[in-house]
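Me: I am new to this one. Could you walk me through reading it?

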Amino acid sequence: MEWWTWLPDYRRVREVCDRYADSDIGFVDAAVIAVVERLNEPKVATLDRRHFGTVRPRHVDALVLLP
């Protein structure tokens, strides 16, 4: 995979980090959001309900947080 194919995800990571800066969303959490959006996946397995419960992804109203 060429490096430039990651640019849309990286741009979205920066957008999420900037938008949720007050919530202290980190790079890794924002990267998960970017990938989940790209894959059109409505569910995320996480123990970090505080961060993932705050973010409003582009493709669904809210993520389904598992477990």
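Me: Leaving aside its neighbours within four places in sequence, which residues is Ala 30 in contact with?

Reply: Keep in mind that this is a predicted model. To read a contact, look past the sequence neighbours. Here Ala 30 touches Val 13, Val 16, Cys 17 and Ile 25.

Me: Which residues of α1 and α2 meet?

Reply: List each side in turn. From α1 come Asp 9, Tyr 10, Arg 12, Val 13, Val 16 and Cys 17. From α2 come Phe 27, Ala 30, Ala 31, Ile 33, Ala 34, Val 35, Glu 37 and Arg 38. Sorted by class, this contact holds ten nonpolar, no polar and four charged residues.

Me: At what angle do the axes of α1 and α2 cross?

Reply: Helix α1 covers residues 7-19 and helix α2 residues 27-39. Their axes come within 8 Å and cross at roughly 125 degrees. The two helices are therefore oblique to each other. The crossing of α1 past α2 is right-handed.

Me: How many residues has the largest nonpolar core?

Reply: It has 14. Those with the most contacts inside it are Val 16, Ile 25, Ala 30, Ile 33, Phe 52 and Leu 63. Both α1 and α2 supply at least two residues each. The most comes from α2, with four residues.

Me: Is Glu 37 buried or exposed?

Reply: Check the relative accessible area. Under 20% counts as buried. Glu 37 has 12%, so this residue is buried. Glu 37 sits in helix α2. Beyond its neighbours within four places in sequence, Glu 37 is in contact with Arg 12, Pro 57, Arg 58 and His 59.

Terms used
Residues are numbered from 1 along each chain as its sequence is written. This is a predicted model: local features need pLDDT of at least 70, side-chain atom pairs count only at pLDDT 80 or more; totals for chains, interfaces and linings use all residues. Side-chain values use heavy atoms; hydrogens and water are left out. Axes are lines fitted to C-alpha atoms, for helices over the stretch in contact, and angles run from 0 to 180 degrees between N-to-C directions. Angles under 35 degrees count as roughly parallel, over 145 as roughly antiparallel, 65 to 115 as roughly perpendicular and the rest as oblique. A crossing is left-handed if the near helix is turned anticlockwise from the far one by less than a right angle, and right-handed if clockwise. Contact means heavy atoms within 4.5 Å. Ala, Val, Leu, Ile, Met, Phe, Trp, Tyr, Cys and Pro count as nonpolar, Asp, Glu, Lys and Arg as charged, and the others, Gly among them, as polar. A nonpolar core is a set of buried Ala, Val, Leu, Ile, Met, Phe, Trp, Tyr and Cys residues joined through side-chain atoms within 4.5 Å. Buried means under 20% relative accessible area, exposed over 50%, partly exposed in between (1.4 Å probe, protein chains only).
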